[in-house]
Each structure stands twice: as C-alpha cells, then as structure tokens.
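Biologist: Hi! I'm new to this one, could you walk me through it?
Modeller: Happy to, let's bring it up.
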Amino acid sequence: MSNYFSDVACLPDLGLGLGLRSQHFNHIIEHEPDVDWFEIISENFMDSGGRPKYMLERIAEQYPIVMHGVSMSIGSSNPLDFSYLKKLKKLANEIKPAWVSDHLCWTGVLGMNTHDLLPVPFTEESLKHISDRLNLVQEYLERPLIIENPSSYLTFAHSTLQEWEFLVELVKNTGCGLLLDVNNVYVSAFNHGFDSKRYIDYIPAESVVQMHIAGHQHCGNHIIDTHDREVDQNVWDLFSYAWKKMGDKSLLLEWDGNIPPFEEYHAELKKAEQYMSTFNNNGEELLVSLDKTVDSSYNSIDFMSNKVSKEVLFEADKKEKSWN
Ligand SMILES: [Fe+2]
C-alpha cells in the first residue's frame with residue numbers, strides 16, 4: 001500500500017500560477033510570460049486531441065502543469081467511474097503534472113452529470129464512504145489526489161462534523177493533500193455563518209499543497225462563487241491571513257467567466273505578492289512551524305495508516321480489468 005502522506009510532503013511550491021485558457025494559448029506561446037505554472041481543467045483535454053492538446057503539450061514543455069478536475073464526483077453514491085479515471089490517468093501520464101486535484105463534492109447520480117459541484121453531508125458515514133473511494137482512486141492513479149474545499153449554498157441538517165473537521169479527517173484516512181480555496185472558504189463562511197479564520201486555523205499547514213483565490217458575486221444575503229471578476233478585498237485579507245498560517249504554497253488565481261486579456265489576468269495574480277508577507281507589523285516573523293499549526297488532536301502519524309480494505313481494492317481491480 002502506498003504512503004501518500006510522504007508523497008504529498010514532497011510536492012513542490014510552484015509559485016504563482018494561472019488557469020490555462022484556450023483564448024490565451026497564442027499569447028503564452030508567443031510571449032512566454034513570467035508565470036510560474038499553469039493549471040488546466042483536466043476534462044478539457046481528456047477527450048480532445050487536435051489543437052488544444054497540441055498547445056497544452058507545447059506549453060507543458062515550458063511551464064509546470066497541474067491537472068484540476070471537476071467530474072470525479074468523489075462524494076457520489078454512484079460506483080466510481082473507472083472509464084473516467086482511465087482517461088484521467090492517461091492524460092496524467094502524458095502531461096506529467098506536478099499533481100492532480102479535484103473537489104470534495106458529488107456531481108450527479110444515476111449516470112447524470114449536473115456539472116455542479118454539489119455539497120456532501122459531513123457525517124461519519126459519508127467520511128468513510130468518501131475515504132474508501134479516495135483510497136481506491138489514489139491506488140488506481142498511483143499518486144495522491146489533492147482535494148479542494150468547494151463553495152456551497154446549503155448544508156445538511158444531519159451533519160455531525162464541520163467542513164474543516166471533515167477535510168482533516170479525510171486527510172488522516174487517505175494521505176491525500178488539500179487545495180485550500182480561500183475564496184470558497186470566504187463564500188461558504190458568509191453563506192452559512194461560520195468563522196472563516198476558525199476554518200483556516202484548523203487546517204494543518206502540512207496538509208495544504210496549493211491555494212486558490214478567485215472573484216465572486218455578492219448578492220446581499222448570499223455570495224455566488226462566479227470566478228468572473230477581480231478578487232474581493234475581503235478575500236485578499238483572508239488570503240493574507242491564510243498565507244501567514246500556511247507558509248509558502250503554490251497559489252493559483254481562478255478566472256472562468258468574462259475572461260480578460262492575459263495581461264489583465266496576470267496583473268490580478270501579481271497583486272497577491274503584496275499579501276504574502278509572513279511578518280507582522282512589528283517585523284516579527286509569522287511563518288509558523290508545523291508544531292504550532294497542527295491542531296493538538298491531530299497526529300501526522302495517522303497519515304501513515306491507509307484504511308482501505310484489500311477486499312475493496314480487489315473489487316476495483318476486477319472492475320478496471322473488465323473495463324480495459
Ligand atoms: Fe477553486
């Protein structure tokens with residue numbers, strides 16, 4: 001059984017990255033902009049060859065690439081989609097990304113894909129269900145998966161854990177890494193009335209591989225995670241707080257609607273540098289050691305145990321073989 005905690009610990013800090021969007025392909029090839037890395041939406045390249053794949057391969061020769069998925073549906077009660085995973089693994093073997101990520105969510109049932117990142121109940125039952133599935137996925141992909149906290153607009157009355165507690169338990173059970181989307185924390189905190197800083201305080205820095213920031217739409221009594229505008233000042237402030245807690249992590253600015261020219265997108269990303277100080281106003285270094293960041297109840301040794309049963313793996317192996 002692989003030890004994914006040690007794999008996650010070895011993942012690099014890539015610096016400041018942007019989402020790779022087709023309207024920027026030519027600009028990137030021609031100008032080789034000073035961007036540290038690019039994140040692709042995995043599904044955009046899994047089924048298509050042709051020009052998009054060719055441009056991705058050219059850009060991947062110049063920049064580190066991270067694969068970010070939106071359709072794994074790790075929280076669904078559907079069986080794992082091994083035809084999807086097979087294509088995901090094939091793309092990863094071709095592009096050789098620094099890592100592969102997806103969301104803590106489900107996207108559909110009964111073969112239907114809603115193309116929405118739907119929230120999961122935070123219960124012991126769903127934790128075991130998702131942990132088992134995540135272990136299977138990691139074994140199949142032969143790499144750790146980096147799981148992102150989604151934004152959400154409803155919660156389940158029967159949840160017994162907080163979202164941040166659920167994520168930490170998921171890391172303990174599977175050795176996965178976390179993609180901390182600071183905008184999503186802010187959006188969900190506003191929509192559900194929890195303390196965004198308490199959320200960030202609870203997440204162990206060593207489990208975080210990457211962060212996201214993005215723009216959102218404030219609708220008065222709720223916020224929608226639109227990714228179609230500049231980052232809100234409140235999110236920058238929360239990012240600054242998270243950066244002091246987490247230390248240097250790969251950072252990516254998401255922008256998926258009303259996508260601006262490349263220079264404008266890049267300029268918004270560069271704003272992050274002014275929020276990356278790890279010193280307080282008295283000049284004292286705030287970059288905290290792991291001992292200070294880890295919750296007292298959190299034991300990294302727990303990462304070493306991988307709880308998926310051999311029987312479940314055997315079943316997955318049979319499925320993979322039958323679908324090959
Ligand atoms: Fe995100």
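Modeller: Let's begin with a helix contact: in H6, Leu127, Ile130, Ser131, Leu134, Asn135 and Gln138 meet Phe166, Glu169, Leu170, Asn173 and Thr174 of H7. Keep in mind that this is a predicted model.
Biologist: Thanks! How do the residues of that contact divide into nonpolar, polar and charged?
Modeller: There are 5 nonpolar, 5 polar and 1 charged in the contact of H6 with H7.
Biologist: And at what angle do H6 and H7 pack?
Modeller: The angle is about 45°, and the axes are 9 Å apart. H6 covers residues 124-141, while H7 covers residues 163-174.
Biologist: Is the crossing left-handed or right-handed?
Modeller: H6 passes H7 in a right-handed crossing.
Biologist: Switching to strands, what do they form?
Modeller: A closed barrel of 8 strands with parallel pairing, in the order S1-S2-S3-S4-S5-S6-S7-S10. On average, neighbouring strands of this sheet are turned by 30° against each other, direction ignored.
Biologist: Which residue in S6 is the bridge partner of Ile146?
Modeller: That's Gly177.
Biologist: Which strands does helix H8 lie across?
Modeller: H8 (residues 182-192) lies across S6 and S7, running at about 65° to S7.
Biologist: And H11?
Modeller: Helix H11 (residues 262-270) lies across S1 and S10, at about 145° to S1.

Definitions and conventions: Residues are numbered from 1 along each chain as its sequence is written. This is a predicted model: local features need pLDDT of at least 70, side-chain atom pairs count only at pLDDT 80 or more; totals for chains, interfaces and linings use all residues. Axes are lines fitted to C-alpha atoms, for helices over the stretch in contact, and angles run from 0 to 180 degrees between N-to-C directions. Helices (H or I, at least four residues) and strands (E, at least two) are DSSP runs, numbered from the N terminus. A crossing is left-handed if the near helix is turned anticlockwise from the far one by less than a right angle, and right-handed if clockwise. Two residues are in contact if their C-beta atoms, placed from the backbone, lie within 7 Å. Ala, Val, Leu, Ile, Met, Phe, Trp, Tyr, Cys and Pro count as nonpolar, Asp, Glu, Lys and Arg as charged, and the others, Gly among them, as polar. Two strands pair if DSSP finds at least two bridges between them.
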